[in-house]
Amino acid sequence: MRKTVVLGGSFIFLSALKMLLLTNSLGLSGGYPVSVFLIHLFLQAGVFFTLYSFSFRKRILLFWGIQTLCYAVLLGFYGVYHRLFNIFIDFRIIGDGLNVMSKGVVPLTVPMLFLLIDLPALFSFITLVPKSEKDGIRESRKIGIFTMSGTLLLFIWASLFSVWDIPPLSSGSGWGGFSHSIRKVLPELPGKAEDEIFLAEAELKSESESESESEVQVPKIREDLREEGPFSSYIPKAELTGEPNFLVIQFESLQSGLPELFHNGEAVMPFLNRMRSESYYFPYCFAYHRSGGSSDCEIAVLDNIDPGDRALMRSSRYPHDESFIKVLKNRDYSVFGFHDYDKEFYNRESSYKRLGFDGFFDYYDMNMGPPKWAARDGEMFDFILDQTPESFPVLSYVITISSHVGYEHITTYYENPLFDDVNRKRDRHAMLCFNYTDRELERFITKIREKYKNLYILIYGDHSTPSVVFNNELSPSFLDRDGQILEFVPLFIIPPLEIPYEGRVFKDTLASFHDVGPTILELAGVKTFHQGERLASTAVTDADETLSEYLAFGGSLFSDEVDKLPIPFDDQLLDRSELLSLIKEKVPFSD
């Protein structure tokens with residue numbers, strides 16, 4: 001009996017400690033580690049004694065395995081997306097997530113080692129406690145049922161109180177940590193998320209009707225935010241014939257600070273490092289990266305909305321009525337998308353049709369061979385140069401992938417001795433990936449500027465670089481504000497060769513994904529207006545039924561007022577200047 005008590009008690013204690021460490025690493029303890037530990041102690045004891053009382057000693061091992069697997073998934077998801085997994089929301093991307101995991105790109109982190117700290121005690125209990133030891137079985141059953149029932153009731157009670165903000169559990173009590181944990185993993189109230197995802201248009205119409213009936217004033221459009229002409233005062237004006245063309249490049253995992261990163265006296269990305277002085281360069285641009293992964297970038301840019309935790313690209317019913325691409329289409333633009341991966345990933349093929357694109361090409365369409373993780377961006381660039389029609393005006397949206405996590409693939413087709421002395425393989429491979437795409441990008445941009453006249457090029461990252469510290473020379477470009485992960489990427493605007501201009505660095509201006517569309521539209525001659533606090537985008541038709549105005553949540557980066565516009569995030573309006581000062585402290589800009 002003594003072995004049962006000692007070994008069983010050791011396992012229960014270590015299991016509760018493990019849960020505390022894991023909970024804390026996921027940001028769920030809420031500042032109440034003792035209460036969280038006690039909750040897990042009760043839970044582990046309940047499961048242990050219940051299973052043991054029914055002579056299910058080996059099934060305790062099964063329970064441990066299932067529990068460990070669940071937390072491993074949570075930690076892996078958190079390592080990639082910097083937020084918690086929510087089954088009620090993220091089930092839409094489970095298939096995509098398994099695809100990513102199969103490529104071995106989930107980062108291994110120190111908290112994952114916590115998963116094993118109670119395994120020795122469990123193994124010792126199963127192997128050392130004799131099968132003949134039956135004393136205390138009945139008592140174990142009573143203890144198990146009691147602790148399990150108490151834990152279940154407490155969970156239900158804390159869930160209800162935390163969801164509706166009813167004290168004392170919602171704040172300030174000894175059980176606040178557990179309540180905090182419940183709040184962060186529970187879904188929103190029933191129906192809310194589904195309305196936002198699938199019934200967005202109807203919801204907006206309903207809001208407009210109800211506001212009209214109740215005489216609630218909608219914030220007025222601020223026409224004063226736009227200067228006359230397609231350029232602000234510091235950009236030289238030039239007379240160009242025809243509509244401008246656009247090349248938009250969504251650079252995989254290009255985070256703030258990377259264009260300034262050097263190794264052994266040489267820039268890791270020499271082309272983008274040089275373009276800082278040959279373009280309009282914004283070192284910090286607010287990025288959206290949540291349930292939809294990289295596709296949140298496309299939703300924020302193309303639809304000009306906060307994608308939230310809604311994985312909108314995965315929805316086959318979301319109408320994408322806010323897409324600024326549809327405004328360009330009504331001005332006779334040809335619009336194409338390119339991505340050197342499977343267009344079924346994130347449901348891009350279907351979504352890009354509803355966004356208004358004429359076509360979306362993946363590696364099947366570009367004849368890049370059988371499916372493989374992280375294809376060569378250079379091959380996609382060659383296809384765009386050789387195969388795309390020279391129809392004008394045109395916008396091409398290009399999504400790279402060679403610098404996606406899972407960097408070891410780069411060694412099969414590219415090498416650079418500059419990085420041979422980087423000790424950690426992951427960092428060395430990551431530097432090779434970014435160096436490779438940077439080299440191919442320079443070749444691509446040089447040639448396509450010769451092919452398309454009056455061509456504006458925009459380059460930005462889709463999110464910060466996950467779990468890579470680049471030989472301890474660069475910090476990840478995200479902020480953790482009370483559990484909210486806010487990410488930042490660089491943004492380049494390269495004017496046409498035909499326009500005489502001088503590059504400029506806007507290190508004191510925070511750009512946003514929501515500014516990309518209004519900037520492009522302004523250059524195309526479409527008036528853009530900031531829409532106040534309404535989360536919607538609307539186009540207004542003029543007499544000849546050509547879309548000539550666009551109501552956006554962001555603003556043109558060619559407006560001197562853009563840094564005064566708030567950034568929507570999770571039903572909040574974030575202040576740009578505050579965010580800029582915080583990210584500059586973490587990832588300082590280096591000339």
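Helices here are DSSP runs of H or I with at least four residues, numbered from the N terminus. With that in hand, let's work through some exercises on this predicted model.

**Exercise 1. Find the helix that holds V47, and decide whether V47 is buried or exposed.**

Step 1. V47 is found in helix α2, which covers residues 33-53.
Step 2. A residue counts as buried under 20% relative accessible area. V47 has 10% relative accessibility, so V47 is buried.

**Exercise 2. Get an overview of the whole protein chain: what is its secondary structure, and what share of its residues is buried?**

Step 1. The secondary structure comes to 18 helices and 17 strands.
Step 2. Of the 591 residues in the chain, 55% are buried.
Step 3. Now turn to contacts with a separation of 6 or more: 76% of them are between residues 24 or more positions apart.

**Exercise 3. Check the span of helix α16, then work out how enclosed this helix is.**

Step 1. Helix α16 runs over residues 425-451.
Step 2. At 1.5 Å a residue, its 27 residues should span 39 Å. The end C-alpha atoms are 39 Å apart, which agrees.
Step 3. Because 19 of the 27 residues are buried, α16 is largely enclosed by the rest of the structure.

**Exercise 4. Describe how α15 packs against α16.**

Step 1. The two axes come within 9 Å and cross at roughly 5 degrees. Angles under 35 degrees count as roughly parallel, so α15 is roughly parallel to α16.
Step 2. On the α15 side, the residues that meet α16 are D377, G378, F381, D382, I384 and L385. Their partners in α16 include Y436, T437, E440, L441 and F444.
Step 3. Sorted by type, the residues of this contact are seven nonpolar, two polar and six charged.
Step 4. The buried residues of α15 (residues 377-387) are D377, G378, M380, F381, F383, I384 and L385. Their cover includes β5, β6, β7 and α16.

**Exercise 5. Locate the serines S294 and S403, and say what each side chain reaches.**

Step 1. S294 lies in the loop between β4 and α12, and with 9% relative accessibility S294 counts as buried.
Step 2. The side chain of S294 makes a polar contact of 2.9 Å with the side chain of D462. Among the residues S294 touches are E252, R348 and H463.
Step 3. S403 sits in the loop between β7 and α16. Its relative accessible area is 0%, so S403 is buried.
Step 4. The side chain of S403 reaches the backbone oxygen of E252 at 2.6 Å. The residues touched by S403 include F251, E252, S253 and C433.

How values were computed:
Residues numbered from 1 in each chain as written. Predicted model: local features only at pLDDT ≥ 70, side-chain atom pairs only at ≥ 80, totals over all residues. Heavy atoms only, no water. Helix = DSSP H or I, 4+ residues; strand = E, 2+ residues; numbered from the N terminus. Buried < 20%, exposed > 50% of the residue type's maximum accessible area, 1.4 Å probe, protein only. Polar contact = N/O pair within 3.5 Å; in protein donor to acceptor, adjacent residues only side chain to side chain. Contact = heavy atoms within 4.5 Å. Expected span 1.5 Å × (residues − 1). Axes fitted to C-alpha atoms, helices over the stretch in contact; angles between N-to-C directions. Parallel < 35°, antiparallel > 145°, perpendicular 65-115°, else oblique. Nonpolar A, V, L, I, M, F, W, Y, C, P; charged D, E, K, R; others polar. Lists of a residue's contacts leave out its neighbours within four places in sequence.
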